[in-house]
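Please read it alongside the sequence and structure shown here.

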Amino acid sequence: MAHINDNFLKLKAGYLFPEIGRRVKAYAAANPQAKVIRLGIGDVTEPLAPAVIAAMHKAVDEMARRETFHGYCDEQGYEFLRQAIAKHDYQARGCDITADEIFVSDGSKCDTGNFLEILGHDNVIAVTDPVYPVYVDTNVMAGNTGSAKASGEFEGLIYLPMTAENGFVPPQPAPGSKVDVIYLCSPNNPTGAVLSKTELTRWVQYAKQNDALILFDAAYHAFITDPSIPHSIYEIPGAREVAVEFRSFSKTAGFTGTRCAFTVVPKTVAGKAKDGSRVELHRLWMRRQTTKFNGVAYIVHRAAEAVYSPEGQKQVRATIDFYMENAAIIRRTLTELGIAAYGGTNAPYIWLKTPKGMKSWDFFDHLLTQCQVVGTPGSGFGAAGEGYFRISAFNSRANVEEAMQRLRAKLQA
Ligand code: MLT
């Protein structure tokens, strides 16, 4: 009989969002008349921008003719898209990133997980708490942790608590506890908090002083409204030597079902081999991707490229502004209801303190059964998320307004 990867058995429950999906499905089956409003998983609801659709149609037509047909794509993704990303997302913001340091992929979730394949198993790994569960679960699957403790934390990981008291800014590891790999996410999923230039500079300095690697997830950068907040870690001097950045078109341009993302691996970031020599991570990631990944469809490349056209930028901006107005409505309602609410100003997520000290999953059940509104229990993002709850701003205006009306009716003190 084949042996399994026993590390999977350390994972206690199912992945958070399918678990929520199962509970909602069971509720909907038992209450077929209920109109459930889903503000749980951060999945976009608005259609793709017209400029994106036009580019896709054109690319489909190209695929229909021998002269313009495309087979396998270039190994890091087509240069036209990587050039557009380098120019608009990085060089325009003063970041020294070139097209050959960008790897186009089908998602940041897979990239953050897959990236562990090029890292060793002896690293001391730090994650924030709460945290996007993928960072933790993929480390568990890779065998980089011990077992789960009663709190839900995994042995062997360093947790950096983010609480209302510290403004949801992760504290640096205690002096003497040397960390090799740190996951940072800004704007943050789930808290909606952002790292300022000063805070990000402190992390880059920490990484340089400790020879650590930062895995920086900037999937929500497009939702930043405060002009002083960095969109990329490469806006910080020295980050090119210590950080890899993950970005996605999923939330920026509504590509959750279309699939396109990219990872930036500067040629100056290195890791240490067993013999002590320094090895470029770019070289290893290239080797990993060219062996295991066949790239993103040509049609999707053209769709993503259109996001950077003047009309694409305008249209995508309008949709982001729309979601951010939803976020403002949610946050305002919660505040008026006397519920402490955070985030939602530079991110599409609102992170709230559950009323009356309810446990996160109890509040989930309460909201589902009393208001037929779905959110995400904070404890699903880590032990420090217990007593918190996340509401996503991705939905139609009508649904967000109705959900808030229901909350007003049922949660009024
Ligand atoms: C979320 O709701 O946290 C996101 O949709 C997860 C993801 O992007 O994978």
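The domain bounds used below come from an automatic or database domain assignment. The model is predicted. Its assignment gives domain 1, made of 7-47 and 311-411, and domain 2, spanning 53-309. The C-alpha centres of domain 1 and domain 2 are 25 Å apart.

**Interface between the domains**

- The contact between the two domains involves 35 residues of domain 1 and 44 residues of domain 2.
- The size of an interface is often expressed as the accessible area lost when the parts come together.
- For domain 1 and domain 2, about 3200 Å² is buried between them, and 62% of this lies on carbon and sulfur atoms.
- Four elements each supply at least two residues to the side of domain 1 that touches domain 2: helix H10 (310-336), strand S11 (341-343), strand S12 (349-353) and strand S15 (388-392).
- H10 provides the largest share of that side of domain 1, with 8 residues.
- By class, the side of domain 1 that touches domain 2 comprises 19 nonpolar, 10 polar and 6 charged residues.
- What polar pairing is found across the interface of domain 1 and domain 2? There are 16 residue pairs in polar contact, both residues being at pLDDT 80 or more.

**Ligand surroundings**

- Which residues surround the ligand? They are Phe17, Ile41, Gly42, Lys109, Tyr132, Asn189, Tyr220, Lys251, Tyr349 and Arg390.
- Gly42 places a backbone N or O atom 2.6 Å from an oxygen atom of the ligand.
- Asn189 has a polar side-chain atom 2.8 Å from an oxygen atom of the ligand.
- For Lys251, a polar side-chain atom lies 2.9 Å from a ligand oxygen atom.

**Salt bridges**

- The count of salt bridges in the model comes to 20.
- One of the salt bridges joins the side chains of Arg22 and Glu19, with an N to O distance of 2.8 Å.
- Arg22 and Glu19 are separated by about one helical turn, because they are 3 residues apart in helix H1 (residues 16-30).

**Backbone geometry**

- Most peptide bonds are trans, and most residues other than glycine have a negative phi.
- Pro130 is located in the loop between strand S3 (125-129) and helix H5 (133-141).
- Pro187 belongs to the loop between strand S5 (181-185) and helix H6 (197-210).
- Lys356 sits in the loop between S12 and helix H11 (360-371).

Notes. Residues are numbered from 1 along each chain as its sequence is written. This is a predicted model: local features need pLDDT of at least 70, side-chain atom pairs count only at pLDDT 80 or more; totals for chains, interfaces and linings use all residues. Side-chain values use heavy atoms; hydrogens and water are left out. Contact means heavy atoms within 4.5 Å. Buried area is the accessible area (1.4 Å probe) that two parts lose on being put together, summed over both. A polar contact is a pair of N or O atoms within 3.5 Å; within protein, one must be able to donate a hydrogen and the other to accept it, and residues adjacent in sequence count only if both atoms are side-chain atoms. Ala, Val, Leu, Ile, Met, Phe, Trp, Tyr, Cys and Pro count as nonpolar, Asp, Glu, Lys and Arg as charged, and the others, Gly among them, as polar. A residue is near a molecule or strand if one of its heavy atoms lies within 4 Å of it. A salt bridge is a side-chain nitrogen of Lys or Arg within 4 Å of a carboxyl oxygen of Asp or Glu.
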